[in-house]
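Keep the structure in view as you read.

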Amino acid sequence: MATIASKTIVLPTELDRLIELETTVAEMLAHVPELADREIVQYNVVLALHELCVNIIKHAYAGEKRQFSVIFDLMCDPTRIQIDTYDKGGNKFDMAAWQTPNLDDPPIHGLGIFLMRQLMDEVIYENSPAGNHWRLVKLLA
């Protein structure tokens, strides 16, 4: 697995700072010149990542003023963008208890995980004593 490009950003737990995600995703995808449906792919990746980061801020940190890391890797064989987040929020997520929402009567909140799973090819969550780790992967070729 060769890495084409990599970038790490550290974000504060402030919702208005999430605008930085769009620029970084665009920078990473710029390394894939023949990317079909670039605007749609970029929008989907940004939306999934935004949902994840909002969940980190609102749920993992529950409003605490802290920071978390977002690592972007553009990789080949197959070409994909992989985004890893690391936070030390005290609130853990129970992925086994998560259920697909009823879309016939959709909730006002709680669609983030569902959206991430619809927009990305992989959504992985791990918890360890070091904190929470999420991985989002979108295949690009």
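## Where the helices meet

This model is predicted. Start with the residues that touch. From H1, the contact uses Leu 21, Glu 22, Val 25, Ala 26 and Leu 29. Their partners in H2 are Arg 38, Val 41, Gln 42, Val 45, Val 46, Leu 49, His 50 and Cys 53. Sorted by class, the contact of H1 with H2 holds nine nonpolar, two polar and two charged residues.

An α-helix has 3.6 residues a turn, so residues three or four places apart point the same way.

## How they cross

Two numbers describe a pair of packed helices: the angle between their axes and the distance between the axes. Here H1 covers residues 20-29 and H2 covers residues 38-60. They pack at an angle of about 140°, and their axes lie 10 Å apart. Angles over 145 degrees would count as roughly antiparallel, so H1 is oblique to H2. The crossing of H1 past H2 is right-handed.

## A look at H2

H2 is built from 23 residues. From first C-alpha to last, H2 reaches 31 Å, close to the 33 Å expected at 1.5 Å a residue. Just after H2 comes Ala 62, with a positive phi of about 45°.

## The whole protein

Now step back. The protein contains three helices and five strands. Along the sequence, their pattern is β-α-α-β-β-α-β-β.

Of the 141 residues in the protein, 44% are buried. Take the contacts with a separation of 6 or more: 63% of them are between residues 24 or more positions apart.

Conventions. Residues numbered from 1 in each chain as written. Predicted model: local features only at pLDDT ≥ 70, side-chain atom pairs only at ≥ 80, totals over all residues. Heavy atoms only, no water. Axes fitted to C-alpha atoms, helices over the stretch in contact; angles between N-to-C directions. Helix = DSSP H or I, 4+ residues; strand = E, 2+ residues; numbered from the N terminus. Parallel < 35°, antiparallel > 145°, perpendicular 65-115°, else oblique. Left-handed = near helix turned anticlockwise from the far one by under 90°. Contact = heavy atoms within 4.5 Å. Nonpolar A, V, L, I, M, F, W, Y, C, P; charged D, E, K, R; others polar. Expected span 1.5 Å × (residues − 1). Buried < 20%, exposed > 50% of the residue type's maximum accessible area, 1.4 Å probe, protein only.
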